Amino acid sequence: MTRVYNFAAGPAVIPEDVLLQAREEMLDWRGAGMSVMEMSHRGKEFMSIAQQAEADLREILAIPDNYKVLFLQGGASTQFAMIPMNLAAGAKTDYINTGAWSKKAIAEAKLLTKVNVAASTEDSKFTRAPEQEELKLHAGSVYVHYTPNETIGGVEFSYVPETGKVPLIADMSSTILSRPIDVSRYGVIYAGAQKNIGPAGLTVVIIREDLLERAGDNLPAMLNYKTHVENESMYNTPPTYAWYIAGLVFQWLKRKGGLTAMAEINMRKAGKLYAAIDNSAFYHNSVERGSRSWMNVPFTLANADLDAAFLSEAKAAGLVELKGHRSVGGMRASIYNAMPEEGIDALIAFMADFEKHRG
Ligand SMILES: *Cc1c(COP(=O)(O)O)cnc(C)c1O
C-alpha cells in the first residue's frame with residue numbers, strides 16, 4: 001500500500017491515525033459486535049460516540065455554554081439558506097463578498113432577505129480581504145455574514161470583523177479548527193466537515209442560544225434549527241459514520257496539543273510553501289500577503305502550457321489533486337490540519353525540481 005499526499009480542497013485528507021483507528025474498529029466497535037455504520041443512532045453505543053464528539057469539540061474550541069452544537073446534513077450550502085430563513089426572513093442583512101463561496105451565500109440570502117453587500121473585493125479579483133474600515137454595515141441589518149477563508153481564491157481574513165451588537169455569522173468550512181478562535185465573537189459558525197473536520201455528509205453548526213428565538217413558526221422541521229436543538233441533532237437519522245469519524249479527528253487534535261499547537265504547525269506549513277513560491281520567478285501567488293490563506297494555497301506557473309506536465313509529474317511523485325479550481329486556473333494546494341508537514345516538504349522539493357528541469 002502506498003498513500004499519496006492528497007492536496008484536494010474537499011473531500012480532503014484525513015489523519016492517517018484516524019483511518020487506522022477506524023479500520024481497527026470497522027468490524028467490531030469496542031465489543032459491540034458491529035460496525036458504527038450498523039448501529040442504531042438511538043442506541044447507547046452511538047449516543048456515547050455522539051456525546052463524546054460534541055464534548056471534545058466544545059473543549060477544543062472552548063465553546064461557551066450558551067452555544068448549541070449541531071451535527072447536521074446538507075453541507076454548508078444548506079446553511080446558506082437556513083441562516084436567512086431562521087435568523088432574518090424578510091429583514092435586512094449584511095454580507096461581505098470575498099469570492100465564490102460568499103457569492104453563493106449572497107445568492108441564497110437574496111431569496112429571503114434584503115441583502116446589503118457591506119464590502120466586496122471583486123474589483124481586485126478577490127485577491128484580498130477587505131479592511132475593517134471598508135465595511136459599510138447597514139443600520140438595521142439583523143446579522144453580518146462573511147467567509148473567513150475563501151477556499152477557491154485562497155483568501156483569508158486576518159481579523160474578526162467588528163460588528164458591535166449585530167451577530168456575526170461565519171462560513172468556516174475551510175478554516176475551522178485551523179487555530180484557536182473566540183467563539184463568543186460569533187452568532188453562528190458553520191462548516192461542512194469535508195475540509196478540516198472529517199468525511200463529507202456532516203455539517204457542524206455552532207449557534208448562540210438566543211438566536212434560536214428569531215425563527216418564525218412556519219419553517220419546515222428539517223430547516224429549523226430549533227428542531228435539531230430540541231432533538232440533539234437526531235430528529236431524523238444523522239450521518240452516524242461521519243459523526244463518528246469527526247469524533248476521532250477531534251481526539252486526534254487533542255492528542256496533537258489542540259488548536260494552539262495546530263496554529264503553530266499550520267502557520268509554519270503555509271509559511272514555507274508561500275516562501276517557496278515567493279522566492280521563485282517561476283511560481284506566483286496573487287493574493288495580498290496579509291490575506292493569504294493558511295489552508296488553501298493557489299499558485300500559477302510562469303508558463304500555463306506546463307500545467308498539464310506539472311500535474312502529471314506531481315502525480316507520478318505521489319502528490320495529487322493539485323489542479324486549481326476552474327474559475328482560478330493554475331494550481332491549488334489545500335493543506336488542512338491532516339496534511340503532514342512532510343507533504344509540504346515533498347511538494348516544495350518537487351516544485352523546485354520541476355522549475356529546474358522545465359522552468
Ligand atoms: C466547500 C465549501 C462550501 C460548500 O460546502 P458543501 O458542504 O459542499 O455545501 C461552502 N463554503 C466554503 C467556504 C467551502 O469551502
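Student: Which residue, just after α2, takes a positive phi?
Tutor: Happy to start there! This is a predicted model, where local features need pLDDT of at least 70, side-chain atom pairs count only at pLDDT 80 or more, and totals for chains, interfaces and linings use all residues. Numbering runs from 1 along each chain as its sequence is written, and side-chain values use heavy atoms, leaving out hydrogens and water. With helices (H or I, at least four residues) and strands (E, at least two) taken as DSSP runs numbered from the N terminus, the residue just after α2 with a phi of about 50 degrees is Ala62.

Student: Within what arc do the buried residues of α2 fall, seen down its axis?
Tutor: Buried means under 20% relative accessible area and exposed over 50%, with partly exposed in between (1.4 Å probe, protein chains only). The buried residues of α2 are Phe46, Ile49, Ala50, Ala53, Asp56, Leu57, Ile60 and Leu61. They line one face of the helix because their directions from the axis to the C-beta atoms fall within an arc of 130 degrees.

Student: Which element gives the largest share of the lining of the largest pocket?
Tutor: Two or more lining residues come from each of α4 (100-112) and β12 (296-301). The largest share, three residues, comes from β12.
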